[in-house]
Amino acid sequence: MRIPCPFCGERTLIEFAYHGDPEPRPDPAATDAPQRFFDAVYLRDNPAGLHEELWYHAQGCRSWLVVTRDVRTHEVFGATLAKRGTA
């Protein structure tokens, strides 16, 4: 699988680290924080088809990316810089 980094161009998967869905993490100060973290970690959706994922370009420019790919075929449809608040 190859991921198109906006800064470095298309790179191989081994340069990146997968970090899950690009959804905001639960608030650790919330009164029900343990349940929210449990839900976020263990009760996630398992979609078939197009899905957005958060990736970190660890062996390159160290950017956080939101990658859109088909989880059935691993075909990558694009990558954009992650915005603050999505990671």
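Leaving aside its neighbours within four places in sequence, which residues is C5 in contact with? They are E10, F16, H57, C61 and L65, where contact means heavy atoms within 4.5 Å.

## Model and confidence

This is a predicted model, in which local features need pLDDT of at least 70 and side-chain atom pairs count only at pLDDT 80 or more, while totals for chains, interfaces and linings use all residues. Residues are numbered from 1 along each chain as its sequence is written, and side-chain values use heavy atoms, with hydrogens and water left out.

The protein chain has a mean pLDDT of 91, and 95% of its residues reach 70 or more; pLDDT is the predictor's confidence in each residue, from 0 to 100. Where pLDDT is low, the predicted coordinates should not be read in detail.

## Overall architecture

The protein chain contains one helix and six strands, in the order β-β-β-α-β-β-β along the sequence. Helices (H or I, at least four residues) and strands (E, at least two) are DSSP runs, numbered from the N terminus. Along the principal axes, the C-alpha atoms fill a box of roughly 45 × 30 × 20 Å.

Of the 87 residues, 26% count as buried; buried means under 20% relative accessible area, exposed over 50%, and partly exposed in between (1.4 Å probe, protein chains only). Among contacts with a separation of 6 or more, 46% come from residues 24 or more positions apart.

## Strand pairing

Two strands pair if DSSP finds at least two bridges between them. Strand 3 and strand 4 run antiparallel and are joined by two bridges, with A17 opposite Y56 in strand 4. Strand 4 is also joined to strand 5 (residues 64–70), again antiparallel, by seven bridges. In this second pairing E52 stands opposite T68 of strand 5.

## Aromatic pairs

The structure holds three aromatic pairs. Rings of Phe, Tyr and Trp (its six-membered ring) pair if their centres lie within 6.5 Å; planes under 30 degrees apart count as stacked, over 60 as edge-to-face and the rest as tilted. One of the pairs is formed by Y18 and W55, and it is edge-to-face because the ring centres are 5.3 Å apart and the planes stand at 65 degrees. This pair links distant parts of the chain, with Y18 in strand 3 (residues 17–18) and W55 in strand 4 (residues 50–56), 37 residues apart. Y18 is partly exposed at 39% relative accessibility, whereas W55 is buried at 6%.

Another pair joins Y56 and W64, whose ring centres lie 4.8 Å apart with planes at 40 degrees, so the pair is tilted. W64 is partly exposed, at a relative accessible area of 33%.

## Nonpolar core

A nonpolar core is a set of buried Ala, Val, Leu, Ile, Met, Phe, Trp, Tyr and Cys residues joined through side-chain atoms within 4.5 Å. The largest has seven residues, namely I3, C5, F16, W55, L65, V67 and A79. Strand 1 and strand 5 are the elements that give two or more residues to this core.

## Surroundings of D70

D70 is found in strand 5 and is buried, with a relative accessible area of 8%. Its side chain reaches the backbone nitrogen of R72 at 2.8 Å. Leaving aside neighbours within four places in sequence, D70 is in contact with G49, L50, E75 and F77.

Conventions
Polar contact = N/O pair within 3.5 Å; in protein donor to acceptor, adjacent residues only side chain to side chain.
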